[in-house]
Amino acid sequence: MAAPRPRSTRSTSLRDSDKLEGTACWDALEWTKIEPVTSSVSHANLDLLLDAERIVVEGYGVVLVNTDEAGTLIVTNFRILFLSEGTRNIIALGTIPLAAIEKLNKMAVKIQSTPRQTDKNPSRRLLQVIGKDMRIVVFGFRPKTKQRRAVYDALVKCATPARIWDIYAFSSGPSKCVNTNPKVRLLNEYFRLLGKSSSSATMDMIEEGSFTLSNELWRISDINSTYTMCQSYPFALIVPECIIDQELLQASSFRARYRLPVISWCHSGTGAVLARSSQPLVGLMMNMRSNADEKLVASLCTQLAGGKMSRRKLYIADARPRKNALANGAMGGGSESSSNYFQSEIVFFGIDNIHAMRESFARLRDYLDTHGTTSSDGMSSFLRHGGWTWGGGNLSSMSVSVSTLGDSGWLIHVQSILAGSAWIAAQIALESASVLVHCSDGWDRTTQLVALANLLLDPYYRTFAGFQALVEKDWLAFGHPFSDRVGMPTLSGSGDISFELCRQSSTGSFPSSPMRQSSGSLAPQASGSSHAQNNYSPIFLQWVDCVSQLMRMYPFAFEFSSAFLVDFLDCVLSCRFGNFLCNSEKERQQCGVAEACGCLWAYLADLRSSAGSSHVHYNLFYDPLKHNGPLLPPAAALAPTLWPQFHLRWACPTEAQTGELEAQCRDMAIKFSELKKAKELAEKKAKETMIAMESQTAELRKEKQLRSKAVNVASRASKESEAINRAVQSLGCKVQFSSSGDCTVDFEVTVMDDVVSSNPIGRVCEALCPLRTGDGGCRWPDAGCAQLGSQFVGLKANFDAFDRLSIYDSYFQSE
C-alpha cells in the first residue's frame, strides 16, 4: 500500500534559504518516503486503455509537480497516463498523447540545505514535458530507482517513430470510425460550388475520370489526377472554363512548387472568386513573365453581372510583408507587378512566417505557465495560492490583451490574420471583386487567409458538415504539410520534434523558459535546430484560434461551439486518427490512410449523436436565419483575446471553464430537452389512451346498437308469442313451460254434436276441409283452420269448390 504524502517539516527552512514562493511547493514532499506500489496495480486499469494501446513502461511513486500529486506514470504506445495514487483515476494534466509532445527535458535539481543535511538531500530527478497543446508538466521521480531513465527512453522511442506506419493511428486501425474516401467528399464540395449539387460523386466516377463537370464560367479539371503537375495539389482542380489544360501546365511552371492559381470558392450570384496559388517566379530583377500565368489570372476577372464595366477588378493579396516578398526574389521568387496583370491591385498583409509563429507560441505558453495556478515549477506561480486574479477571456480590448500577455506577440499575429481575411471577404462581398491570395509556398499563410475568408463568406462552412468540407478542401486537399508542422514522421523520414537533455544540477527553482531564468537556476537548453531544420509550427492551431475569435464576435452564426474546436484540436494533435497525417493528398493515398486508419470526423459525429442537440459540441445560441449571409466584421471588432477554453485550460483550469451564462443556458437546454422528452412521452401516452378510448367507445356504440336490435327482436318476439298464445288459447289449448324450458301443449276439445251437425258451416267444413281424416276426425294443430267462438273458418280451402257454389247453396235453408 502506498504511503500518504506527508508535508516536510523542512519547507519553511527551504523557503527561507532558497527564497521560494509559496508554502506548498513540490520540493516540500518527502519523496524518499513514498513507497512504490506493485506493478499489479496499474494492470488493474487495463480497461482504461484504448484499442491496440499497450503499456511500454511504468513508473511508481511519481509526483506531478504542477499539482503536488503522487501517482503512477504509465507510458503506452499512444500516450502518457498518470494515475492518482489514492483514487487510481486518470489525472488529465499529466495525461498527454505522445504526438502532442514538443520537447522533453531531463533535469536534476538539488535543493540547498544546512551543512548537516547536505548528504541527506539527493538531487530531484525531474522530467519536463512541453506539449503542443499549451501545457508544460514536470514529473518528479524517486532517486536511485532508474525510473526516469526508463520513462525517458520509452518516450523518445515511442514519440519519435522512425516510420509513419509506426504511429498509433495505423496500429489502432479504422475500428468503428470508418474513414470514407476524402476524394469523394472533395468532389461533392466542388459540385456544390459549381451549382451541381444534384450530382453525387462516387469512386467509379473518379476511376473513370468522369467528374469533370462545368458551368458557364468554371470547370473541374483532371489534369492533376496522377499528381504529375503538382504533387501538393489535389487530384481535381476548379479552373476557368476558357483555360485549356495545356495552358494550365504552362502556368504551373511559373509558380513556386508548381502551385498555379486555382479557385477555392466562387460566388454563385456575382461570379466573383477567391483563388489561391504560390508566389510567382519573377526573379531577382522582378522582370520574369509568363503569358500563360497572366492569361490564367486575367480569366479570374469575369464579366460583371448587370454592370457597365467590362470586367471586375482583381486584387492580388500577398500575405507576406513587402520586404520578405522582395527578399524572396533573390531565390527566384517575389511578387507580381500590377502592370503585368490586367486591372489588378497588389496588397501586402505583412503576416510573419512559420518560425515567428512558433516562437510567439512558445513565449505565450511560457508566460501562461509562469502565471498559472498549475505552474510547472511548482514554486513561482503567482496564482498557486490566490495571490492574483487572471483576466482570461474577459479581456475586452487589444491593448489590454497585449499588455497582459507581455511580449509574446501571439494576439498581434492573430489580429493580422483576422484583418486580412476580413478584407478579402469584404472585397468579394461588397465590390464583387475577385481575389488571388498567395504567400511563398501557398500552403501556410495562404491557407489561413483563404479558409478564414471562406468561413466569413459562406454560411454553409459554419455548420458541422461545412466546417469538415472546408478543412478537407483548403487544408488537407491543397497540401498543408501537417506532418512537418505537427512534427510527425513523413514518408521520407522521421519528424522534426526535438528532445533536449539537460543533466546539470542547480540550486533553487528551475524555470521552463528563458523568461524565468534567474541566478542559481537551471534553464533548459534552447532549441538547437535551425529554421531550415525545424519546420514545426502551430499554423493550423493558430487558424482554429482565429475561428474561436469569430465565434466570440458572432455567437449566433456557428452551429458548433468552442468545446468542439478544443476537442477537434486535441484529436488533430494526438494523431490518433489518420485524417491529418502526411503532407499532402498524394502521400496519404500512398500510405493508404483512408483504409488503414480511423476517421476523426466519424469519431466526433459519434460523440455528438450520443447526446443529441444537447451535446457540448452544439452551440446553444446558433440561429441560421440571423446570419444567413457573409460576416463582415468591422476593423474595431478585430481585437482578439485569449481563448480561455484552450489557452487557459492547463494553466488556469477554473478560468478555462465555460462562461457562467453559457453554462446556465446549457443546463437549461438540457432540462428543456428532458422536459421536451417527457412531454413527448406524455403526449404519446395520451394519444395511445385517446385511441384506446375511441376504440372502446366504438365498441360500446356497437354493443349498444346490438342491444337495441336485441331488445327490438325480443319485443317483437314477445308480441308474436302473445299473439300465438292467444291464438292457441282460442283453440282450447294450454301452453305450459316447465322450469327446465320444456314446452307442453294440452288440448281441450269440446265437441258440440248437435250444434255442429245442425250447423251448415260445420257441414261445409266437414265436406270441404282437406285435412280431416277418413273417419271424420280433425288433424289440428296441423290443420290450417281455427275455431273462433262458434264460427269456424277454414284456411287452405279449395277456392275452386267455393267458386262452384251458388250463394244459395248450403248457406241458406229453404223455408
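Select Val57 in the predicted model: Val57 stands opposite Val75 in strand 2 (strands are DSSP runs of E, at least two residues, and helices runs of H or I, at least four, numbered from the N terminus). Residues are numbered from 1 along each chain as its sequence is written. As this is a predicted model, local features need pLDDT of at least 70 and side-chain atom pairs count only at pLDDT 80 or more, while totals for chains, interfaces and linings use all residues.

Next, select residues 55-64 and 69-76, which are strand 1 and strand 2; the two pair in the antiparallel sense over seven bridges (pairing requires at least two DSSP bridges between the strands). In their hairpin, four residues lie between the strands, and Asp68 has a positive phi near 60°.

Stay with strand 1: because eight of its 10 residues are buried, strand 1 is largely enclosed by the rest of the structure (buried is under 20% relative accessible area, exposed over 50%, partly exposed in between, with a 1.4 Å probe and protein chains only).

Now move to strand 7, residues 136-141, which pairs with strand 1 in the antiparallel sense over two bridges. Val63 has Gly140 as its bridge partner there, and Leu64 stands opposite Phe139. Display the side chains of strand 7: Ile136, Val138 and Gly140 point one way, Val137, Phe139 and Phe141 the other, and all are buried.

In the hairpin of strand 6 and strand 7, with four residues between the strands, select Met134, whose phi is positive, near 80°.

Definitions and conventions. Heavy atoms only, no water.
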